[in-house]
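The following paragraphs lead the reader through one protein structure, part by part. Please keep the sequence and the model in view while reading.

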Amino acid sequence: MNEIYLDYNASAPCDPRVTEAVAKAMTDGFGNASSAHRFGRRQDAAVSDAREQVAELVGGSPSGVIFTAGATEANNLALGGFAAADSETLSRAQSTLVTSAVEHASVGRTAEALAAAGRCHLQIAPVTPGGFVDLEALVSMVQATEGGLLVSVMAANSETGVLNPIAEIANLVHEAGGLFHCDATQMVGRLPFDMTALGCDLVSLSGHKVCGPTGVGALVGTREALATLRPAVWGGGHERGLRSGSLNVAGIVGLGVAAEIAGDEQPTEAERLGALRDRFVAALEGELADVVQNGDVERRLPNTANLRFSGADADAVLVNMDPVAASAGSACSTGAIEPSPVLTAMGLSRDAAFESVRFSLGRFTTAAEIEVAAREVVTAVRYVRLMTSEVA
Ligand code: PMP
């Protein structure tokens with residue numbers, strides 16, 4: 001049987017059109033993008049095109065695009081850059097960082113590390129059973145702050161696909177005089193996202209979630225927000241002085257092309273993938289008892305379904321449905337034998353979280369694959385349930 005990849009939220013395959021652009025950039029272009037000679041200028045022009053393509057995808061300004069090595073680094077720059085800036089400029093009232101309980105580890109752990117180092121007060125907003133940030137809790141947290149305030153809340157959750165009310169959050173943060181950072185890694189390219197219309201000050205994104213290269217991403221900010229940050233990487237002063245290091249031109253070109261394709265194809269892809277995802281879930285629900293969808297099913301990414309198969313351990317299901325690939329918990333946390341912190345924060349028990357599998361579809365997922373995958377998952381869940389009941 002052919003391999004079937006349903007783990008796009010962990011990492012999407014690189015689009016051949018992007019691969020071609022990266023190969024061309026690596027073959028035809030060389031020289032340092034900072035050099036004044038024609039070789040350097042050509043590299044710089046390629047980077048400028050990519051800035052426009054990335055800015056266009058998120059509704060930001062090309063001059064506000066800071067290229068990084070991915071969303072992890074972009075998130076570190078936003079949070080760390082804010083906390084460093086604030087501790088230097090404010091003597092008495094310490095800054096406050098507010099995040100949510102379901103952020104990616106590159107926000108959650110960074111925030112914890114900054115708080116542990118005494119660089120900020122940390123407040124973590126809970127989420128509702130549907131997986132949305134609890135707005136009432138968020139309001140009371142942001143209103144109680146003195147001094148600098150940065151709020152970091154993700155646009156779409158990687159595990160459930162649940163979409164937060166970003167415009168509403170940005171508005172309440174601004175009313176409290178703070179800056180709003182949004183980790184939009186999972187949302188950009190999948191649904192319309194316009195940081196200017198939404199009111200985001202800083203936005204993180206990543207190449208490999210939009211069928212681009214891994215190891216390249218960006219923090220996109222308004223001029224005012226970027227001016228408040230301190231560098232994450234010190235050196236020759238590249239990227240507005242915030243992220244030094246000779247630019248990864250080929251990767252950046254790839255991110256730019258990937259952003260353009262993702263933006264162009266987003267409306268049709270959202271519709272196609274939503275229909276495929278719904279057909280997949282319906283097929284499983286039709287064949288299996290006790291299938292529960294985790295997270296709000298109305299306001300979520302069209303490509304994602306997080307399903308609990310009661311009585312079947314998710315890791316055992318994943319092993320038995322191979323070569324169909326999906327994931328249990330977030331890929332970035334596998335290795336740890338803890339249940340998904342996202343699902344437990346939503347109120348699921350440890351057992352329920354351990355029985356939950358995330359399926360995420362993408363550009364190269366076909367209807368035929370979905371049919372085969374559904375059959376394989378049904379067989380795997382039945383088998384695991386049977387084995388579990390025999391052992392019990
Ligand atoms: N934020 C979110 C919401 C993510 O899903 C991921 C990737 N799992 C990241 C940040 C980190 O992105 P990268 O792999 O580019 O470091």
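How many salt bridges does the rule find across the interface of domain 1 and domain 2? The rule finds zero there, a salt bridge being a side-chain nitrogen of Lys or Arg within 4 Å of a carboxyl oxygen of Asp or Glu.

This is a predicted model, in which local features need pLDDT of at least 70 and side-chain atom pairs count only at pLDDT 80 or more, while totals for chains, interfaces and linings use all residues. Residues are numbered from 1 along each chain as its sequence is written, and side-chain values use heavy atoms, with hydrogens and water left out.

The chain is divided into domain 1 (4-11 + 266-391) and domain 2 (16-261), with bounds that come from an automatic or database domain assignment. Taken over C-alpha atoms, the centres of domain 1 and domain 2 are 28 Å apart.

The size of an interface is often given as the accessible area lost when the parts come together. Here domain 1 and domain 2 bury about 2,500 Å² between them, with 56% of it on carbon and sulfur atoms; buried area is the accessible area (1.4 Å probe) that two parts lose on being put together, summed over both. Of the area that domain 1 buries against domain 2, Arg299, Leu301 and Arg363 supply 25%, more than any other three residues.

In terms of contact (heavy atoms within 4.5 Å), 28 residues of domain 1 meet 33 residues of domain 2. Between the two domains, 13 residue pairs are in polar contact, both residues at pLDDT 80 or more. A polar contact is a pair of N or O atoms within 3.5 Å; within protein, one must be able to donate a hydrogen and the other to accept it, and residues adjacent in sequence count only if both atoms are side-chain atoms. On the side of domain 1 that touches domain 2, helix 9 (249-287), strand 10 (304-309) and helix 11 (341-345) each supply at least two residues. Helix 11 gives the largest share of that side, four residues. Helices (H or I, at least four residues) and strands (E, at least two) are DSSP runs, numbered from the N terminus.

The ligand is the next topic. An oxygen atom of the ligand lies 2.9 Å from a backbone N or O atom of Ala71.

Two backbone details remain. The peptide bond from Asp322 to Pro323 is cis, with omega near 15°, and Pro323 is placed in the loop between helix 10 (314-321) and strand 11 (324-325). Glu239, although not a glycine, has a positive phi of about 50°.
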